[in-house]
Amino acid sequence: MQAGSGGVGTFAIQLAKHLGAYVATTTSSANTDWVKKLGADLVIDYKTEDFETKLKDYDLVLHSNRDPKVLEKSFRILRSGGQLISLVGPPTPEFAQELGLPWYLKLVTKLLSFGAKKKAKKANSSFRFLFMRADGNQLAKITSLIESGVIKPVIDKIFPIEQTNEALAYVESGRAKGKVVIKIK
């Protein structure tokens with residue numbers, strides 16, 4: 001998993017540990033102890049270490065970095081038959097099918113994901129694009145895990161609605177530890 005101290009990473013680490021997974025993640029050295037407290041078993045400082053040299057034969061990679069080199073390296077750490085799930089794309093024809101998009105958009109997604117699918121095939125693994133959207137059943141399960149204390153949401157900063165631009169800039173900076181909230185009232 002990449003970006004273990006980010007908004008998705010803080011949830012993903014806790015959920016993966018709850019499901020019994022061994023979790024390796026990247027973050028900066030300043031966040032190493034904190035991410036370990038969330039449940040990470042192995043933490044790699046992305047500023048000084050290359051995760052590709054530290055990790056091997058993983059069943060699953062949760063990919064959240066837009067750098068094409070990171071995507072390529074992520075395929076190389078998977079075991080044969082492993083799966084890379086990307087939160088940042090490219091979207092796939094399966095995703096287009098799931099949404100019921102017209103044929104020409106399915107074709108566009110096929111072209112967009114061709115390189116990633118080719119890399120997955122070369123690594124004897126699979127590639128999937130996951131578009132996060134609200135799902136009542138999933139949210140109910142997550143709510144249950146939060147209420148029981150299995151997952152503890154991490155909130156970095158709360159911005160008033162008048163500072164929405166600043167909140168978005170903060171998120172885009174890549175320095176948020178956990179979720180950034182915009183308070184409406």
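**Reading pockets, strands and backbone in a predicted model**

Me: How many residues of the lining of the second largest pocket are nonpolar, how many polar and how many charged?

Reply: The lining of the second largest pocket holds 14 nonpolar, 13 polar and 10 charged residues. Here Ala, Val, Leu, Ile, Met, Phe, Trp, Tyr, Cys and Pro are nonpolar, Asp, Glu, Lys and Arg charged, and the others, including Gly, polar. The structure is a predicted model, in which local features need pLDDT of at least 70 and side-chain atom pairs pLDDT 80 or more, whereas totals for chains, interfaces and linings use all residues. Residues are numbered from 1 along each chain as its sequence is written, and side-chain values use heavy atoms, with hydrogens and water left out.

Me: What volume does the second largest pocket have, and which residues lie closest to its centre?

Reply: Rolling a probe the size of a water molecule over the atoms shows where empty space is left. On a 1 Å grid over the protein atoms alone, a pocket is an open set of points with protein on both sides within 12 Å along at least five of seven lines, whereas in a cavity a 1.4 Å probe fits but cannot get out; lining residues have an atom within 4 Å of a point. Volume is the space filled by probe spheres on points joined across faces, edges and corners. The second largest pocket contains about 1,200 Å³ of space. Its lining comprises 37 residues, and Ala-3, Gly-6, Ser-64, Val-171 and Gly-174 are the closest to the centre. Two or more lining residues come from each of H1, E1, helix H4 (68-76), helix H8 (164-172) and strand E7 (179-183). These labels denote DSSP runs numbered from the N terminus: helices (H or I) of at least four residues, strands (E) of at least two.

Me: Which elements supply the lining of the largest pocket?

Reply: Helix H1 (7-18), strand E1 (24-27), strand E3 (58-63), helix H5 (93-99), strand E5 (126-129) and helix H7 (136-147) each contribute at least two residues to that lining. H1 provides the largest share, 7 residues. The volume of the largest pocket is about 1,500 Å³. Of its 46 lining residues, Ala-12, Leu-15, Leu-62, Leu-130 and Met-132 lie nearest the centre. By class, the lining has 31 nonpolar, 7 polar and 8 charged residues.

Me: Is Gly-9 buried or exposed?

Reply: Residues under 20% relative accessible area are buried, those over 50% exposed, and those in between partly exposed (1.4 Å probe, protein chains only). Gly-9, which belongs to helix H1, has 4% relative accessibility and therefore counts as buried. Between Gly-9 and Ala-24 there are 15 residues of separation in sequence and 11 Å in space, C-alpha to C-alpha.

Me: In what order do the strands of the open sheet stand?

Reply: Strands pair when DSSP finds at least two bridges between them. The open sheet has 3 strands in the order E3-E4-E5, with parallel pairing. E3 and E5 are at the edges with a single partner strand each, so one side of each has no neighbour in the sheet. From one strand to the next, the twist averages 15°; such angles, from 0 to 180 degrees, lie between N-to-C directions of lines fitted to C-alpha atoms, for helices over the stretch in contact.

Me: Which residues stand opposite each other in this sheet?

Reply: E3 and E4 pair in parallel over 5 bridges, and Leu-62 has Ile-85 in E4 as its bridge partner. Strand E4 (residues 78-86) pairs with E5, again parallel, over 4 bridges. Within that pairing, Gln-83 faces Ser-126 of E5, and Leu-84 faces Phe-127 of E5.

Me: What handedness do the β-α-β units have?

Reply: A crossover is right-handed if, with the strands pointing away from the viewer, the path from the first strand over the helix to the second runs clockwise. The unit made by E3, H4 and E4 is right-handed. Strand E6 (residues 155-160) and E7 run parallel, joined by 5 bridges, with Ile-155 opposite Lys-179 in E7. The path from E6 through H8 to E7 is a right-handed β-α-β crossover.

Me: Where do Asp-57, Asn-124 and Pro-90 lie in the chain?

Reply: Asp-57 is in the loop between helix H3 (51-54) and E3; although not a glycine, Asp-57 has a positive phi of about 60°. Asn-124 is in the loop between helix H6 (103-122) and E5, with a positive phi near 55°. Its relative accessible area of 47% makes Asn-124 partly exposed. Pro-90 belongs to the loop between E4 and H5, and the peptide bond from Gly-89 to Pro-90 is cis, with omega near 10°.
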